[in-house]
Structures are given as C-alpha cells and as structure tokens.
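Please examine the sequence and the three-dimensional structure shown below. The paragraphs that follow lead from the surface of the chain to its sheet, its helices and its salt bridges.

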Amino acid sequence: MKPIRLPEPPGPKVNMGVADIFEGGVYGVIRRAVVIGNGFPSSENQSIGLVRALGLADKHVLYRVTRPRGGVNEWLHWLPVSLHKKLYYILQQISKFILKSKGHRVMTLPSENGGRMGLSSILEADVKQIVNMARETSEKDGPLLVVASGRDTIPIASSIKRLAPENVFVVQIQHPRKQLNRFDLVVTPQHDYYPLTPEGQEQVPRFLRKWITPQEPPDKHVVLTVGALHQIDSTALRSAASTWHDEFAPLPKPLLVVYVGGPTGCCRFGADLAKQLTSSLLSVLASCGTIKICFADRTPDKELGDNPKVYIWHGEEPNPHMGNVAWADAFVVTADSVSLISEVCSTGKPVYVMGAEKCRWKLSDFHKSLMNRGVVRPFTGSEDVRESWSYPPLNDTTEAAAKMDSKQSSDEAVLIPKSRSKGKAVVDDASPAPAPAPPPAAAVVSNKKVTIARRVGWKKGIAIFDFVLRLCAAAAAFAASVAAAQAEEILPFFTQFLQFHAEYNDLPTLQLLLLILDTIMTTATIGAAGASSAIMYLAHNGSVDANWLAICQQFTDFCQQITGGVVASFVAAVILIALVAISAVALKKTTH
C-alpha cells in the first residue's frame, strides 16, 4: 500500500503569483490582501487558505482582533469585543487599585494578541489604519482584498467596507447571521442554513424562531461550501511528506491516524466515547501496522493501553498534524471538529467518523451530508484498515475561489471593485452586456419581500412608540424627583426677623420611605440578575446530567443580547447600591 495518495484538485491556475480568478476584465488588479483573524487557528486557517487559493500566499498581512481571556472574561466573551475590552479595563483598574491599597505588587499581564505564543508581532486590527492604507495605496496597488473569519471580526470587516467601499473587496468567512449586504461576499458552509430546513424548524420552539439566523436563503452574496476552508492542498501535503519523511517513512504500514477531540455544544460526549473508541481500536489493531493517536485539550479521557503499535501525541511540539495528513493511509476522527474533518476529507483517503450520532443541530446535518456523498463512514471497530476505498475529495477552498469567479460572470457580482483613477472608473471594455429583465416570477418574490418589509416596519413602529413612552415615563419620574428635591418656601411670622423655612430635608419620613424603596429595588435587581446569570450559564454550557443543551451554540444572536442585558443588570445593581448608601448618609445627617 502506498503511504501517500495526493490527488491534484481542480482549481484556478496560478500565473505570476495571481490566480485566474483575478484575471479578465482588469488583469492583476488584486495584488495584495489583508487577513483579519480572531486568534483561533481554526478560523484564521480558513482565511489564509482562501488567500493561498487566490494566489496571494506571499502577499498578505495578518491582523488580529483580540479580546481578554481567562478568569471573569469567560463570562463576558459573548459581549461585543469593544464593550468587553472597556468593561475588562474598568475591572482591571479596580483590581489594581485594591491590590496597591493593600500593598501587593501588581504583575503586568501578557499581551492578548498572541503574546503567550510568541506572536506579539501580529498587528491588532485597526479599522482606521487599514482603511487609510487601502485609500493611500489604491491608485498604485489596486483594491485591497480583505478576508475575515469569525464572529469577532464582523464589526471590523463591515466597518472597513463601509468606510472604503471603492478601495476594498471584503470577504467574510462563516455566516455573519444578518445584513449580508455589509460584505461583498460571504463564504459559509451549507449546514449554516440548517435552521431553514423542515428538520431544523421542528427543533426550534416557535417563540424563539425570530431569533434564529439566518432567516433567509442564500442570495448572491453567499458562496456555499460543504465543510470548512483550510490550507491543505497538494503542494502543502507534498512539502509535509518531505519534511516528516524521516519520522514517518520507517513506520509499519498501513498507518491509521486517530484524532480524538472532546465535547462541544453540538456534540455532547464524554468518557463513554473514549472507552468505545479504545475498544474499537483494539479490534482493528490486527489490520494496522501503526496507529498514531492525537488528543485535543478538551479530550475527557486520554488513557489508552500501552501497545508497541500505538504512538500517542499529547500536544508537545512540534505538531505532527501535517505529517499525519500526508503519510496516513486512513483516518479515524471524532465528530466534534468540522475543520479537522474537512482537512482529512480533502486527501481522498478513507475517513471514519466516531460519535456522529451524538451530534445535534447543524453539526448533525454536516455529518449527514458527508455520509450521503460517501466521503466518510462510521467507525464501528469491524473495519479492515488494509482495505482502501476512495471518494471525490473535498476541495472546498479551491472551489470557493472558483465560485467567486463564477459569481462575477453569472450574477454580475463584480469581484474587482471599480478602481478610481483621476475620477474615472477602470472598466473592462469586453464586459458583458447588462442582463435582461427578470422573469415575472421575480415580481412575486419582490411583492413577498415588500409584504414582509411592511410587517417588520409595523413592528418597528410599535417598538419605537413603546420606547418613546418609556422615555416619557422616565422624564416624568425625573421631573417629579427634581420638583420634590427643590421644593422650598420661606414664610415670615409676625416680623421679618422671625421666619418659617420649609424644605425637602424637613421630611425625614419621606427620605426613609425612599431609602426603603431603593433597598427593595436593589434587592430585586440583584436577585433577578443572579437568577438570569444562572440561566445564561446553563444556556452557554448546558448540563450533561440534566440533558440540557447549550442553546447558545445555536442561538448566538439571542444569547449575545441576553448576556448584554444581564451585564447591564449588574451595572444597575451597583448604581442602586451606591444610591442606597448616599440616601442613608443623607438621612443620618438630616436626623442629627
């Protein structure tokens, strides 16, 4: 059996460092790219992989959107990045003040932007800096390609597009959930649209359906893939095979590489799956020459029996992942990682998945699509690793690049923005004529959209009216407080030298009543915020014992807004506590 089978994936040819996708109307207009990452390799690899497929491997700069991590930040990671950073800064200053007041030494925290991994040189994503760079160099170097991936990068990428629409072409990888027109193109897996399927609708309570995203089928802004994008291609695998030759070549064949992950929000499994995997591997051990097992940080159980055929990697450097993918004859992967499964399925080698039956929601749809394509098979322990089988490899990265080109020609979604030079747009003379008018069926769709828009507009009107009424109520309450606090009158008694003075402070009973009401309100607010925090903890993490799902893995927008409300509740509680303290001090001075 040959240890390496590297099919040549179809895709755009590279000519002089520029992929064919950027040739045509304006030859070589796109000559550089900016990648905006979020610090997670699974997300950043997708952006870099797409840039490589477009022929810009050596012509891109990596920026990173970072947020504080560790400690209390694990409770705040659903907040927007900017709000999270500001809140963390306030908490950090308070903690420093407390430590200094107690005489403790304040330690300098490492940089969040890759500081712990020796990547402090990676630039922090700054909208103004990237926009200025795109504008200043547009005439000389052409439009700037901006590729971003991950939820935290969405505000940055959309702001760049809004501020420099003529100078950038923005591609967002992974579905941004709403307002797709903020980007030139969105590249996302097909299973992100699982909520729109009948099976997905059945799993969502009716009162939560308005929070489910996406709410509309993909439009011209969307390029669909089967799995996740990545950097693995024939060139990368051949290079890895050469790099890892001395370590992998002497190993007895066939080589079975096993990737063991851990539980996620959509795939709930624990030690029971590890025990089942151990039993199944022992069953296929006789048909294997070598088994290499790689664990993830979240693997619940890493104990496997000692065997001379088994090699275990626990995370030490260097990471043999590329060597594993290049030299393996077959793979066994747990069902939790879409990125890893997409990578190994791009090799055309046998891939067995374990634990897919424990996955729910859109991840279950992903595994069903792979099964239907014949790309993966379930791992049962009865397999003979020496028997090979093949399938059309997944080439999502290459196909996504090719689809970007097809979008330009078929949907007139022009890939290369009109680059302005001396006030004139650069346009290809050979560009096709405008498409004919849409068929009458499009009018029906348009009328439906208008009806939906009117319904949404009516709801927004009610919401705005409700908000205005609340503002009026708050203003009236504030006016009442000001009127009561400023109430004052002086009356003479017989002569001008003998006067009676009446003011708000002369009513300690009213002040005491306000203090009691403030205390009740503070208690109720703290209780409600605490209860909400407990509920949101279950929503984010779920409960294996109670069989409660971590719904925030699906309802991301809903959970983000609710989490922001919970944080605001605690802020309100702190303000109320301060008010109670102030009222108590004022009442004490009045009574004395």
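The accessible surface of the protein chain amounts to about 32,800 Å², and carbon and sulfur atoms contribute 60% of it. Such areas come from the Shrake-Rupley method with a 1.4 Å probe, and for residues only the protein chains shown count as cover. The model is a predicted one, in which local features need pLDDT of at least 70 and side-chain atom pairs count only at pLDDT 80 or more, while totals for chains, interfaces and linings use all residues. Residues are numbered from 1 along each chain as its sequence is written, and side-chain values use heavy atoms, with hydrogens and water left out.

Of the 592 residues in the protein chain, 41% count as buried. Here buried means under 20% relative accessible area, exposed means over 50%, and partly exposed lies in between (1.4 Å probe, protein chains only). A contact means heavy atoms within 4.5 Å. Among the contacts in the protein chain with a separation of 6 or more, 69% are between residues 24 or more positions apart.

The protein chain contains 15 helices and 19 strands. These are DSSP runs numbered from the N terminus: helices are H or I with at least four residues, and strands are E with at least two. Six of the strands form an open sheet with parallel pairing, in the order S12-S11-S10-S13-S14-S15. Strand S12 (310–313) and strand S15 (377–378) stand at its edges; each has a single partner strand, so one side of each lacks a neighbour in the sheet. Two strands pair if DSSP finds at least two bridges between them. Strand S11 (residues 290–295) is joined to S12 by four bridges, and the two run parallel. Within this pairing, Cys294 has Trp313 of S12 as its bridge partner.

Helix H8 (residues 271–284) lies across strand S10 (255–260), S11, strand S13 (330–334) and strand S14 (351–354), and runs at about 175° to S10. Axes are lines fitted to C-alpha atoms, for helices over the stretch in contact, and angles run from 0 to 180 degrees between N-to-C directions.

Which residues of helix H6 (residues 234–243) are buried? They are Ser234, Ala236, Leu237, Ala240 and Ala241. These residues lie on the same side of H6, because they cover an arc of only 160° around the axis. The arc is that of the directions from the helix axis to the C-beta atoms. The buried residues of H6 pack against helix H1 (41–53), helix H7 (245–248) and helix H9 (321–327). The face turned away from the buried side carries the exposed residues Thr235, Ser242 and Thr243.

A search of the whole structure finds nine salt bridges. A salt bridge is a side-chain nitrogen of Lys or Arg within 4 Å of a carboxyl oxygen of Asp or Glu. One of them joins the side chains of Arg52 and Asp233 (3.5 Å, N to O). This pair links distant parts of the chain, 181 residues apart: Arg52 is in helix H1, and Asp233 is in the loop between strand S9 (222–225) and H6. Arg52 is partly exposed, at 30% relative accessible area, and Asp233 is partly exposed at 29%.

Another salt bridge joins Asp152 and Arg67, whose closest N and O atoms are 2.7 Å apart. Asp152 lies in the loop between strand S6 (144–149) and helix H4 (154–163), and Arg67 in the loop between strand S4 (60–64) and helix H2 (81–101), so the pair ties together parts 85 residues apart in sequence. Asp152 is buried at 11% relative accessibility, and Arg67 is buried at 8%.
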